[in-house]
Amino acid sequence: MSDSALGPLRERITTLDGQLLTLLAERRRLTNEVAETKIKHHIPVRDVKREEQLLVRLIREGQKVGLDPHYVTQLFHVIIEDSVLNQQAMLAERANPGSTLPLNRVAFLGDKGSYSYLATQKYFSRRPGELLEIGCQSFSEIINKVEHAEADYAVLPIENTTSGSINEVYDQLQHTQLSIIGELTHPIKHCLLVAKSTSISKIKTLYAHPQVFTQCSHFLAELGNVEVKTMDSTSSAMLTVSELQRDDVAALGSEAGGNLYGLTAIKSNLANQKENHSRFIVVARDPVVVPLQVPAKTTLVLSTVQKPGALVEALLILRDNNINMTKLESRPIPGNPWEEMFYIDVDGNLKDGHMQNALDNLRKITRYIKVLGCYPSEEVSPTKVAAASALDQA
Ligand SMILES: C=C(O[C@@H]1C=C(C(=O)O)C=C[C@H]1O)C(=O)O
């Protein structure tokens, strides 16, 4: 079929897509108005009941026009997540009036196209002010830039669903006075990126960041005899491949990043785990205040006294104050063999009475404790509406 036969249909699709965008933008404007009202009347940002009701209704209406419940649910999860995160960003900005900058200078690992670059773009797209990206070669350089006021923020990867915690970042946090002011989760979709038309069987050398190799170890094992070259960042791997312009070399990285270097993805979904996401933290010189209407997380670092059950005792304090721990990580203390620093993420706001009580009690039983930051939680768990139950009511 020639392209001209498709023309009229495609024109109609293009028009419809434009209308969808206009409607989505209009929905976003309305939810921002909702946020204004929530600020005025001290109403929490997230209203899961309302989300459930609208999903049940949409699944039912979707069915009537031939749209599958799973599709409708997925689509509206993305829309609602965007709406909640935008509202949270608005509320957080109002609660910290002095912190809004006309220019956000942000330090991150790598260069254009790295996963940290994509995460930086995503996080700051919801915030006012221009973005100045400052690509760095190491985590210590990133931290240094913010400490010396050459950058206002740093975006650092802290954990990945496949390869686990990024120890180097935890170790940097041990020594800095910077505060965590935000977090975000970004999907990591590794692809095989090439500069010239080629096939997988021709690839002899593969460039990537060591974390990426770890996350794609099953694919690497399948590939067999390929030379693996580790790079400082995903972007330097992509840059190298774009400069070499050979059909026997490839980089591992995101499709969006690769496009910035003129690379094409010849295979996608290379990570061992299908659900491959990285969580990033955003750090700054000054802490932020999180309004009580926004779900907050707090990160603590502590070391316990050397006695049996000392960590259990600390965790019981959290339980007794009804505080949910979302992550526990331990790292060695340099110069003190066999002693550990514990990094603890909890759901909760520093302003909250339970949290203050827990901190007071933790201070009594720990050798060292510091709050690394309290920040809006960006984990917008999908609204749980069993499609079946929605259909039962149809
Ligand atoms: C827009 C609102 O805020 C949030 C986002 C919703 C949405 O995008 O539809 C629904 C409920 C809230 O979790 C609202 O409260 O109506």
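Helices here are DSSP runs (H or I, at least four residues), and strands are runs of E of at least two, numbered from the N terminus.

A word on the model: it is predicted, so local features need pLDDT of at least 70 and side-chain atom pairs count only at pLDDT 80 or more, while totals for chains, interfaces and linings use all residues. Residues are numbered from 1 along each chain as its sequence is written.

## Annotated binding sites

The unreviewed UniProt entry carries the annotation "binding site" for Arg10, Arg27, Lys38, Asp47, Glu51, Ser83 and Gln87. These residues span 78 residues of sequence and are also spread in space, up to 41.5 Å between C-alpha atoms. UniProt positions follow the numbering used here, feature names are shortened, and annotations may be inferred rather than shown by experiment.

Which helix holds arginine 10? Arginine 10 lies in helix H1 (residues 3-41), and arginine 27 is in helix H1 too. Arginine 10 is exposed, because 10 other C-beta atoms lie within 10 Å; arginine 27 has 13 such neighbours inside 10 Å and so counts as partly exposed. The cut-offs are 20 or more for buried, 12 or fewer for exposed, and partly exposed in between, with C-beta atoms placed from the backbone.

## Domains

The protein chain is assigned domain 1 (7-96), domain 2 (97-188 + 277-284), domain 3 (191-267) and domain 4 (296-376), with bounds from an automatic or database domain assignment. The centres of domain 3 and domain 4, taken over C-alpha atoms, are 40 Å apart.

## An open sheet

Four strands form an open sheet in the order S13-S14-S12-S15, with antiparallel pairing (two strands pair if DSSP finds at least two bridges between them). Strand S13 (325-333) and strand S15 (366-376) stand at the edges with a single partner strand each, so one side of each has no neighbour in the sheet. From one strand to the next, the twist averages 20°.

Strand S12 (residues 296-304) and strand S14 (residues 336-347) run antiparallel and are joined by six bridges. Lysine 297 has aspartate 347 as its bridge partner in S14.

Conventions:
Axes are lines fitted to C-alpha atoms, for helices over the stretch in contact, and angles run from 0 to 180 degrees between N-to-C directions.
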